[in-house]
Amino acid sequence: MKRHAKIDRKTAETDISVELHLDGSGESDIDTKIPFFDHMLTLFARHSLVDLEVKADGDIEVDFHHTVEDTGIALGQAFAKALGDKAGIRRFASGLYPLDEALVEVALDLSGRPYVVYEVPFGEVLPLGDPPFNPEMAEHFWQSFATAAQITLHVRLKSGKNTHHVVEASFKGVARCLRDAVRVEGTGVPSTKGVL
């Protein structure tokens, strides 16, 4: 069974192409024109073991908002499509993920019911990279991704001061949980309803 999907999303604000292979080795080719976001998507692929290609053109001269949001939507749609009927998957995953002083807790359910709890407060919001990425956009990315992928996702900051470390720990944590949750262990759909 090949769990693969390609999604093209074109709006008046963005032109996004996402291709992924769930059962990959973490290879990636990312180009959103937003260097810090590229870094996060690259490490997302590496830690989830998803082979991922993302090409994005957006109105970044206005703001990164549309590009980040639409990339999240397209990636979520591709993820849901690649999962198919979810037969045999583990479905749930959770853990604590450190990066130096930062510690992030992630729990998720490939439930078919999109819901996000994102409790990652920042003291002073420090833009990351050049041009600068607003770290508050990470929440919007996960909201867009989880809604499109139909995932229940909880991300909570347990400790951390360095903005880069906090955002990176959250991307790595979600990636590792997705890696566990998509693992095929059986044959049936893991739900008493018979569908997810």
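Which residue in β2 is the bridge partner of His4? The answer is His21. The legends below describe a predicted model.

**View 1**
The chain contains four helices and eight strands. Read from the N terminus, these elements follow the order β-β-β-α-β-α-β-β-β-α-β-α. The radius of gyration is 16 Å, close to the 16 Å that the globule rule gives for 196 residues, so the chain is as compact as a globular protein of that length. Along the principal axes, the C-alpha atoms fill a box of roughly 45 × 40 × 25 Å.

**View 1. Burial, surface and contacts of the chain.**
Of the 196 residues, 48% count as buried. The chain exposes about 9,100 Å², and carbon and sulfur atoms supply 50% of this area. Among contacts between residues at least 6 apart in sequence, 76% join residues at least 24 apart.

**View 2. An open sheet of four strands.**
The strands of this sheet stand in the order β1-β2-β4-β3, and their pairing is mixed. Strands β1 (4-10) and β3 (28-31) are at the edges; each has a single partner strand, so one side of each is left without a neighbour in the sheet. On average, neighbouring strands of the sheet are turned by 5° against each other, direction ignored.

**View 3. The pairing of β1 with β2.**
Strand β2 covers residues 14-21 and pairs with β1 in the antiparallel sense. Seven bridges join the two strands. His4 has His21 of β2 as its bridge partner.

**View 4. Two helices and the sheet.**
Helix α1, residues 35-48, packs on the sheet and touches β3 and β4 (51-58). The direction of α1 makes about 165° with that of β3. Helix α2, residues 65-83, lies across β1, β2 and β4.

Lys86 belongs to the loop between α2 and β5 (92-99). Is Lys86 buried or exposed? The relative accessible area of Lys86 is 6%; because buried means under 20%, Lys86 is buried. A polar atom of the Lys86 side chain lies 3.4 Å from the backbone oxygen of Leu110. Gly194 is 108 residues from Lys86 in sequence, while the two are 10 Å apart in space, C-alpha to C-alpha.

Note on methods: Residues numbered from 1 in each chain as written. Predicted model: local features only at pLDDT ≥ 70, side-chain atom pairs only at ≥ 80, totals over all residues. Heavy atoms only, no water. Pairing = 2+ DSSP bridges. Axes fitted to C-alpha atoms, helices over the stretch in contact; angles between N-to-C directions. Contact = heavy atoms within 4.5 Å. Rg over C-alpha atoms; globule rule 2.2 N^0.38 Å. Buried < 20%, exposed > 50% of the residue type's maximum accessible area, 1.4 Å probe, protein only. Areas by Shrake-Rupley, 256 points an atom, 1.4 Å probe, with all protein chains shown as cover. Polar contact = N/O pair within 3.5 Å; in protein donor to acceptor, adjacent residues only side chain to side chain.
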